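The entries follow in the order in which I looked things up.

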Protein chains: 2
Amino acid sequence: MTSTAPNPGPLSAEELDLFNKWWHAANYLSIGQIYLLRNALLREPLKLEHIKKRLLGHWGTTPGLNFIWLHLNRIIRAQGQDILFVAGPGHGAPGLIASTWMEGTYTEYFPDVTQDEEGMTRLFRQFSFPGGIPSHAAATTPGSIHEGGELGYSLSHAYGAVFDHPDLVVACVVGDGEAETGPLATSWHSNKFLDPKTDGAVLPILHLNGYKIANPTVLARIPKHELRDFLKGCGYEPIFVEGHDPAPMHQAMAKAMDEAFARITAIQTAARSGKDAPQRPTWPMIVLRSPKGWTCPKTVDGLRTEGFWRAHQVPVDHMEKPGHLAILEEWMKSYKPEELFDENGSLKDEIAALTPPPSKRMSASPYANGGALLRPLRLPDFRAHAVAITAPGKTVTESTRVLGEWLKDIMAANLDKRNFRVLAPDENNSNRLNAVLDVTNRAWNAETEPYDDHLAKDGHVMEILSEHTCQGWLEGYLLTGRHGFLSCYEAFIHIIDSMVNQHAKWLKTSRETSWRRPIASLNYLLTSHVWRQDHNGFSHQDPGFLNHMVNKKAETVRIYLPPDANTLLCVADHCLRSRDRINVIVAGKQPELQWLSMDDALTHCQQGIGMWEWASNDKGSEPDVVIASAGDVPTLEALAAVSLLNEYLPDVKIRFVNVVDLMTLQTPEQHPHGLPDETFDALFTSDKPVIFAFHGYPALVHQLIYKRKNAANFHVHGFREEGTTTTPFDMTVRNHLDRFHLVANVIRRVPRLASQAAYTHQAVRDKLAEHERYVCEHGEDMPEIRNWTWPQ
Amino acid sequence: MTSTAPNPGPLSAEELDLFNKWWHAANYLSIGQIYLLRNALLREPLKLEHIKKRLLGHWGTTPGLNFIWLHLNRIIRAQGQDILFVAGPGHGAPGLIASTWMEGTYTEYFPDVTQDEEGMTRLFRQFSFPGGIPSHAAATTPGSIHEGGELGYSLSHAYGAVFDHPDLVVACVVGDGEAETGPLATSWHSNKFLDPKTDGAVLPILHLNGYKIANPTVLARIPKHELRDFLKGCGYEPIFVEGHDPAPMHQAMAKAMDEAFARITAIQTAARSGKDAPQRPTWPMIVLRSPKGWTCPKTVDGLRTEGFWRAHQVPVDHMEKPGHLAILEEWMKSYKPEELFDENGSLKDEIAALTPPPSKRMSASPYANGGALLRPLRLPDFRAHAVAITAPGKTVTESTRVLGEWLKDIMAANLDKRNFRVLAPDENNSNRLNAVLDVTNRAWNAETEPYDDHLAKDGHVMEILSEHTCQGWLEGYLLTGRHGFLSCYEAFIHIIDSMVNQHAKWLKTSRETSWRRPIASLNYLLTSHVWRQDHNGFSHQDPGFLNHMVNKKAETVRIYLPPDANTLLCVADHCLRSRDRINVIVAGKQPELQWLSMDDALTHCQQGIGMWEWASNDKGSEPDVVIASAGDVPTLEALAAVSLLNEYLPDVKIRFVNVVDLMTLQTPEQHPHGLPDETFDALFTSDKPVIFAFHGYPALVHQLIYKRKNAANFHVHGFREEGTTTTPFDMTVRNHLDRFHLVANVIRRVPRLASQAAYTHQAVRDKLAEHERYVCEHGEDMPEIRNWTWPQ
């Protein structure tokens, strides 16, 4: 099939001509962004001074993206379909931005980038330029919910966006480089969690251009039958569009798009009329195989360029080299700019006519500015789930189970709006959030068995054993204007360290744009935490996600360590109301002592940190020592230490401080939640020893408080990377977080107790030896530990 | 096909009986580990006091693992094949340990766990018990290179183990839960990087038992034709073994194993005799579909158990409940222990006869104790690549390119031993390590084109666009006794945060075993780092991996920030000689000024930290200020600040300190490389301001030095999470790491310069405004910045 063959349709000869022109214009504008500072329309002979000093950008994937965008526009014009474009290829921004400018959207968002020669010059100049925009799609890109750069998350973002958006199709371009990443490789299976009735559809477009930075790609170098098997095995029916000759490629792509959208419509119509088969539908997808850097020079300096990795970034660079300017000029002129743009530098009307109606432009999709769509969650009063506290430290409850009951209420209250999902990597029940399954199910659209429980196509609990996919779905869901809650074993949240980095960057950049509205926060509940993974052992013990998060912008990050169920409820309520944050809540799922009544919890959480008078005996005077805690198990051990001291050394004046909001430890200059120095010093004194029982790695507290006057007197007990399979209390002993080590350190640090240090040291050693004997004999903790309650 | 059908082979009736007995014994021993404290052989009626107080362990996957192990042993006995067993299912340890004990290996490693009733009791007791062993395979498990617990890495570990081990087959069991993870999903494609001639083979065994913790699994709930397509699409020929009736299942598995190993032998024979087809072979794999918790009670308390998620952990628990003890007793007795073990509690001879010869036992595989196989790398003298330095700060070089030249020498020197691989996620050339391709190729066994460069089946540079797969391959390669070097963009190394956690835990636990020998260190080169990703923008800018690493055990972690090429060479040499470490080297790939001659570099790197006299003017007296740096770009800016101060305020006494080995900042109690307090105070003074230009997040330095006397006087400049697409120098300006901000801070902190602070403040503001105007106009840094060299 060549371009001179009889027109095979579906495009008429006129359409074909116009399509090529749109594509040429988008390509021209893409190249202009990479290269040009001025002379945007090449009205004068190209000179070195017109060229950017540093040539930064990626041409390789761009013509393919432009091609796809153009053909999606045809569907939108014909069918009025709402389509959101997700560009997986990391650095495809020149293309997205070119099309967005051609559609007029860019000028609406950035009025100085006008649709004329001056605006075109601005468009070119700002790209990958100081003070300008990055070379990949970002929060600054209209129509985008997906940061390029780090690869792997396009398809999970796409699925997240269409859940509960039945009218939306996300066209998700997956690069063959990205397809090699783990997160992308598993996200193909998201189709097993999609309900064609109540969710929208994803149209994956696998773009095989054959090369990464410097290597061929795997999926482009396996036999076609293998690729087809692979995609069918992932549950898709691939439609192949392959070649390089533009005319037949346009026809093939138009035909593929027609087929794909007809199939999507058929699936949705069947499902929504109740006439669908019980089994999961096979969704269409497109495989576009086109040359890397399509339409750029075939060779540069005699070296293969088009269709090779050399076209990945800047196909011709070192512009001072003889002939290079001419190559660029000839390349750009091959698109015949004079046929594309009028005298003013505006896109010619007949080409611009390919733009969809304003409200349907992908570049202006309301779905891409989720904050503007966002409606607050209906939050039933969490106080209805308050754990009744007659006295501190007497009642035992699984705190996350209490939270689960409230999440169930939230789910029920918002189910008609379909704007709230609870996610977990196969851990929802393990994390004690199973109550939510009383009012909804787990999303599941694969085979079922009669004895299955709580699986349904339209379930709002999402569970796949992939932290990456859960995170990607949730990001896509939030970025398109909904709410969510993700629970995860604490140690394994590190699996998405890098994804949360990118989301944090997105939030920062979003705040810096004028037009992105705040979205619902990304809420994590980390449970099965380091201190209560005694049964699973060392591999499951890691509290380091907190360290990871504090590096992010203070405006973005919140860390909460509620010590019991009522504080957990307060904190969770706050998080679900917040916007544009990443909230990390760490709370235990095992039965644990409860400390605060709901009234006390509310006050405590509002302040984020505070003295617990009932656990203090300093009576407003300066204490001998401050015992502080952050986290549920550390709070238990710290209070047990207080009770031991009260019993054996009743004249030691102890102040007990609990930290719920970790960022209060920083100064107000460092973090918006930071305590003023006066308040901090009033709590922690300016010269008394502070024995701090901390949930995570001790150095994190030192990192947070280094600016405080009393910093040198903080002695932090926390996780020392001594993990194993053992008993809960033994975990604290191995890491010196237990009550006995805390008591010993108090005595060591309070000068007037110096004389008792040796005696205490021995007493503690004896006690710990007794403990060790007991657990090795019985496999559980001593009764005095297991049954301990707050004595007062 | 049922067990009463005529014997279809390949097992005789006698073999079948013995196979069942071995399997029963392994299952019995697995259950005993989960449940029993005593009465191991159920010689007396089972009572509550025989049962562990806390029932911890995972039965669900175990009978399948036992079944597979048994059938692999048959192949080993018949063919003498070297097989290493990798158990992907997270918590399958009871099975592995049962088989290992039955083979006598466990007793060889742990002599008190004898092969009799007493030893069996010890074996049971220690499992998931304080002071005992974890519930998943770990460094304490003989025959294992793979930590269970965190899922996703079994198959990349397996491939890593067989690269350059042509005689080895790794039988890699992939659980259907693990198969949902991203890292596993992409690692199927490792077969495109395997050379059947010079590498061994991996036999993946996908174990579909249908359930995760509380959900069905995706791959068990898609139609069989889809699963087959999927696996064929991944390049495998699946052999299905499906059912639950043991007799036909044994026959089917024996047949499948025969087929699979025959196919492996055929592929390898063809490749090694030069008669293989040019195209990649289709490797066999096995799909074992068997019930979760196979052979456990069908129901407990009327609830479905076998073949359901309830069998995931402990099928019957709450042993105090009426009838539960009887259920357990009946279940264990269903294996007829009296037919399996003799009076002493030893495995009966005829069953033990199924054990392979001692040297071939999987439980004793030498490949699983890689340190014992490890031979040192031949390391050519790196000084041959010294960059000639006539004076500091005059020469410009791409430091990693220099390193690449030396890596080429190393590759060449060790190529005949085939024990060194260089890995990168499609970034080897981008990271300037391309010289190594002069002596080897990129491993590639997929389709090729005539114009491809440096692709070969037996290449020793490994590039797939998956950080997870690179990391997994390298871990597998190191754990089986070889050496490697992984380069990665700094920001994206976070993708494997969680993998490196697990490797660090493995190394710690290995050190605590008596029999694991040290393995080669895991060496990272992080380049394209935060300060020189100005062209790629914010998504590529993150120095937080250092924060992540310092949480690990001090015995394991080393962090190096060589400021130039010669120090980079010194540091890399040290890392490649080290054992059992995780070494992180951060170094730039862009042209940068060089500071130290090779002699000076050697001295400096040996100390890890030191004063640079040529950049200091305190002449042995107490300085006014210490200016310190760690990292190449911070060193450049810090030295430029020194030169500005020297010029404008020549009487300010400056001491310049450079840190190569970041952990010297900690105390010797915190880290083996920590500087003694006296040395630290001698360098940094005990009361003078220290202006510290740091590569990463400033708080990390504060975290490392909080115990030091002068800690409160450290003022650290580093990455403030202000990233974008801009110029290199502008990146430092936005984060206040640039020379001008450093100068301003010196003047602010040195008391006797207080009078100049206002003036300097204004001068700095003017200079920065000039900078901003220039870069916005020209898109590159001012010539005085670009062309700056050290003036002396």
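**Entry 1: strand S3 of chain B**

I began with strand S2 (residues 168-175) of chain B, which pairs with S3(B) in the parallel sense over 7 bridges. The model is a predicted one. Within this pair I found Val169(B) opposite Ala201(B) of S3(B). I then followed the chain from S2(B) to S3(B): it passes through helix H7 (residues 182-187) of chain B, and the β-α-β crossover is right-handed.

S3(B) also pairs with strand S5 (residues 283-289) of chain B, in the parallel sense over 4 bridges. Here Leu206(B) has Val287(B) of S5(B) as its bridge partner.

Next I checked burial. Strand S3 (residues 201-208) of chain B has 8 of its 8 residues buried. In a regular strand, side chains alternate between the two faces of the sheet. I listed Ala201(B), Leu203(B), Ile205(B) and His207(B) on one side, and Val202(B), Pro204(B), Leu206(B) and Leu208(B) on the other; both faces are covered.

**Entry 2: a sheet in chain A**

I looked up an open sheet of 5 strands in chain A, with the order S18-S20-S19-S21-S22 and mixed pairing. Why is one side of S18 and S22 of chain A left without a neighbour in the sheet? Strand S18 (609-611) and strand S22 (714-717) stand at the edges, each with a single partner strand, so one side of each has no neighbour there. From one strand to the next, the twist averages 20°.

Inside the sheet, strand S19 (residues 625-630) and strand S21 (residues 690-694) of chain A are parallel and share 5 bridges. Ile627(A) stands opposite Ile691(A) of S21(A). Helix H20 (residues 632-648) of chain A packs on this sheet, touching S19, S20 and S21 of chain A, with its direction at about 155° to that of S19(A). H22(A) lies across S21 and S22 of chain A and runs at about 150° to S22(A).

**Entry 3: helix H20 of chain B**

I turned to helix H20 (residues 632-648) of chain B, which has 17 residues and reaches 25 Å from first C-alpha to last, close to the 24 Å expected. Is H20(B) mostly covered or mostly exposed? I found it mostly covered, with 12 of its 17 residues buried. Among the buried ones are Val633(B), Leu636(B), Ala640(B) and Leu645(B). The buried residues pack against strands S17, S19, S20 and S21 and helices H23 and H24 of chain B.

**Entry 4: the contact between chains**

Last, I noted that 97 residues of chain A and 98 residues of chain B take part in the contact. H8(A) gives the largest share of the chain A side, 7 residues. That side divides into 31 nonpolar, 39 polar and 27 charged residues.

Technical notes. Residues numbered from 1 in each chain as written. Chains lettered and ligands numbered in written order. Predicted model: local features only at pLDDT ≥ 70, side-chain atom pairs only at ≥ 80, totals over all residues. Contact = placed C-beta atoms within 7 Å. Helix = DSSP H or I, 4+ residues; strand = E, 2+ residues; numbered from the N terminus. Nonpolar A, V, L, I, M, F, W, Y, C, P; charged D, E, K, R; others polar. Expected span 1.5 Å × (residues − 1). Buried ≥ 20, exposed ≤ 12 C-beta atoms within 10 Å, placed from the backbone. Pairing = 2+ DSSP bridges. Axes fitted to C-alpha atoms, helices over the stretch in contact; angles between N-to-C directions. Right-handed = clockwise from strand over helix to strand, strands pointing away.
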